[in-house]
Amino acid sequence: MYILHYSSIVQKAIIKLDSGLPTISETMSASKGLVLENTARRDALIAIEKKYQKIWAEEHQFEIDAPTLSEEPVTMTSEELHEKYPKFMSSMAYPYANGALHAGHCFTLSKVEFSVGFERMNGKRALFPLGFHCTGMPILACADKLKREAELFGKDYLNVPTEEEEEEEVVEVKKESDDVTRFKAKKSKAQAKKGRSKYQFEIMLQLGIPRDEVYKFADGKHWLTFFPPLIEKDCTSFGARIDWRRSFVTTDANPYYDAFIRWQMNKLKAAGKIKFGERYTVYSEKDGQACMDHDRQSGEGVTPQEYVGIKIEATEFAEEAQKIIDETAAIDKSKKIYFVAATLRPETMYGQTCCFVSPKIQYGIFDAGDSYYITTERAFKNMSYQKLTPKRGDYKAVVTIPGKAFIGTKIHAPASAYGELRILPMETVIASKGTGVVTCVPSNSPDDFMTTKDLLHKPEYYGIKAEWVKGDILPIIHTEKYGDITAETLCKDLKIQSPKDTNLLAEAKKAAYKEDYYSGVMIYGKYKGEKVEIAKNKCKADLIDAGEAFVYNEPESLVMSRSGDECIVSLEDQWYVDYGEESWKKQAVECLEGMELFAPEVKNAFEGVLDWLKNWAVCRTYGLGTRLPWDEKYLVESLSDSTIYQAFYTIAHLLFKDYFGKDIGPLNITAEQMTPEVFDYIFQHTDNIKSDIPLESLEKLRREFEYFYPLDVSISGKDLIPNHLTFFIYTHVALFPKKFWPKGIRANGHLMLNNAKMSKSTGNFMTLEQIVEKFGADASRIALADAGDTVEDANFDESNANAAILRLYTLKIWAEDIIKNHTTMRTGEITDFFDVAFEHEMNALIEKTYEQYHLTNYKNALKYGLFDFQTARDYYREASGTMHKDLVFRYIETQALVLAPIAPHFAEYIYRELLGKTGSVQNAKFPRATKPVDQGVISSLNYVRNLQRAIREAEGQALKKKKGKAAEIDSSKPVKLSLLISESFPEWQSGCVEVVRKMFAEHTLDDSKKIRENINPKDMKRAMPFISMLKQRLTTETPEEVFERDLLFNEIDTVKAALKNIERAAQGLNIAEVSIISFPNGAKVAKDIFSGEEVPIPGSAKAIEGAVPGMPGVVFQNI
């Protein structure tokens, strides 16, 4: 589903490996990315990766099957199977097979990888299949270009002209739809093309393909044999857990998949989901067919925008325009001439005060049959394909006239409450949107309001007469928010000063339309008193019925086909999928409500798409694909043959052994035997079947489908929500029983590289192969896990991947050394304070890691399961002196297991090679806590860490020289360290805690005035910083943790147990004596915790006052 246009693949060279498969190797400059100085550690890790990839392939580790019919009878239901044999199936949008996978694909791939790896370790049969999408125009368009270029320059492409023009950069200017009632994805995958990519053969040469092999790509089929093996090789080098038995290419190149799509189309048609009729569709005149999303060079996601074309009669032309018309013999003077304005707001036509044209635009007078239309050529071209003109595709102007010549023309505007109006200038009118003619409604259009105001103030500047401008504004719509004149209110609120404040005016326009439509009530005209959302269509119908308007469509924004044609909207007789039909939409909404979507933004996006998505053209006449079964001159388009391919994955491995279905599979079934009845038996559980396929084989096929379905999660980029993913929902609910409806969709953000947008033109771009070659698979996977998990754009940071190399290699060397020298470690019962604490900390981190994997928060899983896990080990290693063998070995094994979903090669090396475990880490169980986690132990450990840190910080302060004074402590002399343990909290603190507790429950904690009213004035100075600290803690901790002040451990016992480590905390002072005393807050004397004797409390009042339970005071004194 991800289309990577061949002309935009990064420059690489094709070389041959010993295996015979081509590989794509980087030749572009590496100056844009991180330069690795020493690769020895990386190479050692890559050697491990290659070793275990080979072993996994030999062991068929990722070939996952349903329980056989000999294991469980055919009568066992899918629910019973799932209960006894838990399963998990995940897929990503299959990649388009016309190029190498890039980092964006890699990011999505990693999400499937991590989920499948984790679910395997939970005892599930976890399946990850991947096919290759080849349907549509891109491959054939490139192949045809090569054919044409071979005719021009020869099959060796040597006769190209030496001097050639640089191709202009094609940049998509993506605009939001003017229609605020429609959700659209804000980012397209379409890429800009720059530089010397004029000819397709040049692109192939830039890729490093030998000149004598380029012509092979003039055959579209060659692309299908060339790229899928590369994609498989790159995914394998990444360590992907893909069941390659189930892979296939789409189109009729694989007759089994072809039969499957034909079945799908027939079923949808029979169910009334595919219909035939005239529909507005984005269309390429050059290609002679509909231009769907994947046929586009730019403008993916753009759909037809419906306008109402208002026919504004010219009653008396301005002198200059009249002269041109009079001199044009081809104009029939008996016909009326209309300026055609495109509007989204027919309900506001009562308030038209003039009509705007741009003085800078060339307008055509076009023959519309019984009259003439004045528009831009682009607009009339659209009209000529929508049955609005005498002849389809005839859009030549009778005469062309500059816009300035029309200024002052007298007009009659339909429905306007005003009489005679004029054509006036508007400099912000553009030729690429609408018709180039704009009707002026200053009551509800901020742009019109500001332009009218400007014309009134400067008529001489614009070369018009002041009386041509209508200054009085007719109220048409009332809203509670903006009153009766929406545009005026918004312009004042946003402080818009002139018609040139384009950004503010765009904001105002959107707000005006939205508020008027959803909240407005008509206060003028035939439908006075009705809501705008109801009156709008009535006003539109009245204008059309009166012959004063017509429906007009054009693309929402620029769409360029892959053949380089600027697309239009055409009214086409076509087969279309009736998305949006109410009963079907209701099922889709029901499915969405029951799905795990992982983020509220994703659900909101789907709901928006389901609100606006309507019929979708299902076929085209050009490209690669499956023939429409009932009308074989058409091909099923690429977004329509990729909606339920996940179901085909479940049976593919039993039907064929190669991508193309040429090598018949283990059930010995031919493609011709896969009749509609067979697919019904498999996917819809029909039992009456006539087939020469043995019943046992049919039952095996059905078992595979009914075991692995429903799909647990489909993972894709968020930009596929408006098409592929929504079609996926619709088609599943149409063809499968409810129990097989998909259970989840995860939509991830786009991937940035080193905090910048990936771009080939800047060199900030990497393919999957380049990433793995540079950092190795596991380090790359760690960096991808760390990149982010939300729908916001994530970031692959090369420095993180490089750091992962060092982390893994260092861990490898340490683990090898530990295992080699294990006899030097302690054994016996685990009773030492730091042994017990490390055991509980490991258990706590294991549980946190498990939870984050379960939530699919892989960045957090990595934090707890690698970074924090190693930090815990590092502290234990330092604190314990000699580590306990059992704990260290458990740490090594557990580290391998919790890291296995993300870094499986490294984990496998530790698990098999170092620890000598039988079997693969891929099949090991994910670890869980060996005993309930004692939070008291965890708290006591954190207490010791914090106390050590506090001692070091106090040491630093004691050694710091004050202005004009020596440091408090002379480091050359022996020092006594005193720890002041308070047994109770100060009363004023307890009072503050109660104030904060109460106000937090009342949701008034932001009211500083109220806080001060509840605090004793004499405590104010110390209370406010303390309360601020509590408020800050409430942002990161639970209320229970903040307000519960009783310690979960015995502070004195903890200090005694960790005394040696506490004594070593100071690093620059010679600690000759340690005194630890405890006392109730406010006491004058304390008790020595070792002797029990009463002793005076040393230190300053500040140190004594600052000591609270869990936070001892620290005092240094020279002896």
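Residues are numbered from 1 along each chain as its sequence is written, and side-chain values rest on heavy atoms, with hydrogens and water left out. Because the model is predicted, local features are reported at a pLDDT of at least 70 and side-chain atom pairs at pLDDT 80 or more, whereas totals for chains, interfaces and linings use all residues.

Aromatic contacts were assigned to rings of Phe, Tyr and Trp (its six-membered ring) with centres within 6.5 Å, planes under 30 degrees apart counting as stacked, over 60 as edge-to-face and the rest as tilted. By this rule the count comes to 71 aromatic pairs. One of these, between Tyr257 and Phe648, is edge-to-face, with 5.2 Å from centre to centre and 75° between the planes. This pair links distant parts of the chain, as Tyr257 belongs to helix H8 and Phe648 to helix H18, 391 residues apart. Both Tyr257 and Phe648 are buried, where buried means under 20% relative accessible area, exposed over 50%, and partly exposed in between (1.4 Å probe, protein chains only). Phe648 also pairs with Phe260, and because the ring centres are 5.0 Å apart and the planes stand at 35°, this pair is tilted. Phe260 lies in helix H8 and Phe648 in helix H18, so the contact ties together parts that are 388 residues apart in sequence; both Phe260 and Phe648 are buried.

Side chains of opposite charge can pair when their charged atoms come close. The structure holds 65 salt bridges, each defined as a side-chain nitrogen of Lys or Arg within 4 Å of a carboxyl oxygen of Asp or Glu. Asp680 forms a salt bridge with Lys267, with 3.3 Å between the closest N and O atoms. As Asp680 lies in helix H19 and Lys267 in helix H8 (residues 255–270), the pair ties together parts that are 413 residues apart in sequence. Asp680 is buried, at a relative accessible area of 16%, whereas Lys267, at 23%, counts as partly exposed. A further salt bridge joins Asp687 and Arg702 (3.1 Å, N to O); with Asp687 in the loop between H19 and H20 and Arg702 in helix H20, the pair ties together parts that are 15 residues apart in sequence. Here Asp687 is exposed, with a relative accessible area of 53%, while Arg702 is buried at 9%. Salt bridges that share partners also join Glu63, Asp65, Asp243, Arg245, Arg246 and Glu704 into one network. Lys233 and Asp234 form a salt bridge as well, their closest N and O atoms being 3.0 Å apart, and both residues are buried.

An open sheet of three strands has the order E28-E27-E29, with mixed pairing, two strands being taken to pair if DSSP finds at least two bridges between them. Its edge strands, E28 (756–757) and E29 (794–796), each pair on one side only. Strand E27 (residues 751–753) pairs with E29 in the parallel sense over three bridges, and Met752 has Asn795 as its bridge partner in E29.

Several backbone features fall in loops. The peptide bond from Tyr709 to Pro710 is cis, with omega near 10°, and Pro710 is found in the loop between helix H20 (695–708) and strand E25 (713–717). Asn668, although not a glycine, has a positive phi of about 60°; Asn668 is placed in the loop between helix H18 (645–655) and helix H19 (676–684) and is exposed at 58% relative accessibility.

Notes. Helices (H or I, at least four residues) and strands (E, at least two) are DSSP runs, numbered from the N terminus.
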